[in-house]
Amino acid sequence: MSYRSISYWFDSLDSEPVPRAPLPGDLEVDVAIVGGGFTGVWTAYYLKRADPDCRVALLEADTLGFGASGRSGGWCWASVAGLSHHFERDPEKGAALRQAIATTIDEVGAVCAAEGIEADYCKGGGLTFTSNPAQAERVRANVDAHRKLGWSEEDVHWLEPAEVREHIRVASCHGGMFAAQAARVHPAKLARGVGAAAEKRGAQIYERTRVARVEPGRVHTANGVVRAHRIVLGLAGYLSQLPSHERDAIPAYNHMIATEPLSCETWERIGLARGEGFGDASRFIIYAQRTADDRIAIGGRGLRYFYGSAIDPRFERNPGTDRLLQKALREAIPELGEVAITHRWGGAFGISRDMIASVNLDPATGIASAGGYVGDGVAASNLAARTLSDLLLDRKSALVELPWVGHQSPRWEPEPLRWLGVRMGTAINASADTIENRTGRRARLHERALRLLGAHLEY
Ligand SMILES: Cc1cc2nc3c(=O)[nH]c(=O)nc-3n(C[C@H](O)[C@H](O)[C@H](O)COP(=O)(O)OP(=O)(O)OC[C@H]3O[C@@H](n4cnc5c(N)ncnc54)[C@H](O)[C@@H]3O)c2cc1C
């Protein structure tokens, strides 16, 4: 298999990705990191930057960025799954987390600039448009909720329909929301570039090295055992495949497509001149970006979960969702006309049972983890990694006081309840979208049902 087929992002890397050598045998380090996605590579990078003497090894089953990170929409935006939960419990701590994620967008840009990582970083903000009155009502409520969480008017504000069209000429629009703290990135270049920067600082990276089992002080692979005082699990949805972590997170599939490059004239008609990310306010949202080579990469419109938390390359293609994404694009931007779709792909992100992201280090076992970002992991993984670095190096920083540190999500239900619950959640969301599109009124009964189920499975 060519790595280029993983996603548009892998296909547009400057050269064919060649994985590094696997772990050659037993090894002893200070910190062993399992997983070479954003969580893993950023953690390796910040550890080596903070303490060049710290011996760090990263073990990746395939190649850096192979998981959700190299398949994502590349929206790096200031959002953390569970932020409102922390605000409700402790407004001061919630505000600290909001501030920390807000500054993360510039942090990602600053590291790219400092390390020469060419990841097409462009801080153009993010735009959510609405296409019926029910969506508009929900987005207005969302803007108010942001204000209550302390976001300034400059950070997040409501846009009247004409203001939305100043950003993007969408067909039918009932207003929208603009979030200034958002950048678009080329996610595969970012993941692989940060990994290379960590390696330059002395981190050892082993690819094609699948971890079979983790126990305190030891990481077991087919090639050897890595002994480490501290172990980091950066596995997102793949965590469910590791023995004794089967119910810690579920892998939920999302799909994307990319168009051919659009002409300058087309872009003049569409907008997005500042490189804004954009999405809609459906429950099964779409999220999209104008890529550096002038395509539209768009994803969403439904989340798929497979019985028993199965992960399989066959799940990465989904013609049904591809068609929905094409339809969404055509309806939102009729100006596009018949545009060729050149890439189709999918990947799984990790969802914790309460949909709250967390960062943890168990001092008794020395095992740390970060994840549960749902669809907000591009920025959140950077903040998580800086936090992990301080925790692992025992540094008393403001980051280790953030309220997502130490948060314990409940475990998912055993099967078949897990599968049934997710199926019900996604079915209710799909039906709510249909009703809101048809009537223009909010599907409040569905909202109540989702709350009862404890699931807001959007995307
Ligand atoms: C289609 C899609 C679109 C998305 N769009 C966005 C977006 O626009 N913005 C946003 O913020 N978030 C988005 N996300 C979510 C985001 O991509 C993730 O939250 C984030 O990338 C998670 O990073 P991670 O490093 O924790 O996990 P991953 O990137 O999944 O990395 C885990 C790594 O572990 C490796 N691995 C698995 N098992 C083992 C093992 N046993 N041993 C060793 N290594 C192993 C995998 O190969 C993988 O490379 C999207 C996700 C998907 C799937």
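Helices (H or I, at least four residues) and strands (E, at least two) are taken here as DSSP runs, numbered from the N terminus. In this predicted model, strand 16 gives the largest share of the shell around the ligand, with 3 residues. The briefing below treats that shell and then the second largest pocket.

**Ligand contacts and cover**

- The ligand is surrounded by 37 residues, and the closest of them are Thr39, Glu60, Ser69, Gly73 and Gly375.
- Ala61 takes part through its backbone, where an N or O atom is 3.0 Å from a nitrogen atom of the ligand.
- Of the 1,000 Å² of accessible area that the ligand has on its own, the protein covers 98%.

**Make-up of the ligand shell**

- Two or more residues of the shell come from each of helix 2 (38–50), strand 12 (250–259), strand 16 (341–351) and helix 10 (377–392).
- By residue class, the shell holds 18 nonpolar, 15 polar and 4 charged residues.

**The second largest pocket**

- The second largest pocket, with a volume of about 550 Å³, is lined by 26 residues, of which Leu239, Asp248, Asn360, Ser369 and Gln408 are the closest to its centre.
- Strand 17 (358–362) and strand 18 (367–371) are the elements that give two or more residues to this lining, and strand 18 gives the most, with 5 residues.
- The lining of this pocket divides into 11 nonpolar, 11 polar and 4 charged residues.

Notes:
Residues are numbered from 1 along each chain as its sequence is written. This is a predicted model: local features need pLDDT of at least 70, side-chain atom pairs count only at pLDDT 80 or more; totals for chains, interfaces and linings use all residues. Side-chain values use heavy atoms; hydrogens and water are left out. A residue is near a molecule or strand if one of its heavy atoms lies within 4 Å of it. A polar contact is a pair of N or O atoms within 3.5 Å; within protein, one must be able to donate a hydrogen and the other to accept it, and residues adjacent in sequence count only if both atoms are side-chain atoms. Accessible areas come from the Shrake-Rupley method with a 1.4 Å probe; for residues, only the protein chains shown count as cover. Ala, Val, Leu, Ile, Met, Phe, Trp, Tyr, Cys and Pro count as nonpolar, Asp, Glu, Lys and Arg as charged, and the others, Gly among them, as polar. On a 1 Å grid over the protein atoms alone, a cavity is a set of points where a 1.4 Å probe fits but cannot get out, and a pocket is an open set with protein on both sides within 12 Å along at least five of seven lines; lining residues have an atom within 4 Å of a point. Grid points are joined across faces, edges and corners, and a volume is the space filled by probe spheres set on the points.
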